[in-house]
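Subject: Structure handover: salt bridges

Dear colleague,

Please find below the structure for your review.

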Amino acid sequence: MFYKIFQIKFRLNLFALAAILAVLVISGCGVEAAKNPVTTTTKPENPAAILNAPISPALKTAIKIEANSPADTVRAFYQKLREKNVRDALFLTNLRPAIEGLTETEYRDLQVDFDALAGQIPADVAINGEIVVRDAATVTAKLPDNDTGEVKLQEIKLRRENGVWVILTLDKEAEKFVKKEGKNYFFSLKIKTHQEEAKAMLERIYKAQLIYSAQNGGLYGDMATLLQSGFLPEDITTSESTGYKYGISLSFDKKSYSAAAEPAIYGKTGKLSYLFNVDANRKSAIKSTDNKGKPVKK
C-alpha cells in the first residue's frame, strides 16, 4: 500500500493518486496565484521541528516511541498528512527533492491533489513495531489495505541520512528520477496521469456510445444526452478534476462522431491533445499530438 500511494496514482479519486498521485489538477487559488505570482520558495520546517509537533490522539501505539526514532518519523508523517500539511509530511520521505524547491505559487498549484491525498489517511493509525539495523529500519503499523480496505499489519521502510530517518515511499529507480526532476516531479507526474486518464475517458465515451447506439437504432448521442442517460461521469464537463476539456461532435445523421480532449492549461494539466473518430462503419481511430493545447485536426 505504502508504495502505491505515491508511485503511480497520485491524484486521488485514486492516486483516481489514486494515484498518487490521482490525479493532478489546478486549484482555484492556484489560478488566482498565477495572476499575482509569488517567487519565494516554500521551505518546510526542519525534520526536528516536524517530529516535535504534539502527538495526535488518533495515533495509537503498542510500543514506546523514542524521540527522532523511525517510529517517531512514521508517526509524524501520518499526522502531518491527516492535518493536510502534505509539504511537511513529504519532507520526511525520499520525495523531499520534489517538494523542497517549490515556490508558494507552485505549491498552491498542487494543493487540491495534496488535500485529496490527505483525505485518504485513516482516522486511526496504530504503530506497533520497530526494527533498526544500523542505518535501515522497518516500522510496522496497522493500516487499511489499498485494494480491499481491510486493516492489516504493514511494513514501512526507512533509512538514516545525516542522522535523520527518511521514509522510503519510492524504490531506488523512482528515487533517482525524483532527484533528477526535482521540483518538476509532481508536475511531470500530474501531466502523465491526466494524459492517461484522458485516453481512458475517450475509451469510456466509446463504450457509452456503443450502448447508446444499440438502444437507439444505431444513432449516436451528444455529450448532454450521454450524461443525462448516465453513461458518462459528471466530471467530464469540467477540467477542475480531469485537467482536460472534452467534446463530442456528431455527424448530421448521427451515424458517426468524433470525441476530442485538450489540456485545460497546456504544460500544466497536460501536453497531448487527442481526437477519437468513429465512422458510419463503426471503425475507430485515435490521434494524439502535442499541439500546444489546440484541438487535433481531423
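In this predicted model, a search of the whole structure finds 11 salt bridges. I describe several of them below.

The pair R75 and D72 forms a salt bridge in which the closest N and O atoms are 2.8 Å apart. Both residues belong to helix α4 (residues 70-82), where they sit three residues apart, about one turn of the helix. R75 and D72 are both buried.

A further salt bridge links R96 with E100, with 3.1 Å between the closest N and O atoms. R96 has a relative accessibility of 33% and therefore counts as partly exposed. E100 is likewise assigned to the partly exposed class, because its relative accessible area is 35%.

D109 and K268 also form a salt bridge, their closest N and O atoms being 3.1 Å apart. D109 is located in helix α7 (residues 104-109), whereas K268 is in the loop between β7 (257-263) and β8 (272-278), so this pair ties together parts that are 159 residues apart in sequence. With a relative accessible area of 2%, D109 falls under the 20% cut-off and is therefore buried. K268, at 28%, lies between the 20% and 50% cut-offs and is therefore partly exposed.

Yours sincerely

Definitions and conventions:
Residues are numbered from 1 along each chain as its sequence is written. This is a predicted model: local features need pLDDT of at least 70, side-chain atom pairs count only at pLDDT 80 or more; totals for chains, interfaces and linings use all residues. Side-chain values use heavy atoms; hydrogens and water are left out. A salt bridge is a side-chain nitrogen of Lys or Arg within 4 Å of a carboxyl oxygen of Asp or Glu. Helices (H or I, at least four residues) and strands (E, at least two) are DSSP runs, numbered from the N terminus. Buried means under 20% relative accessible area, exposed over 50%, partly exposed in between (1.4 Å probe, protein chains only).
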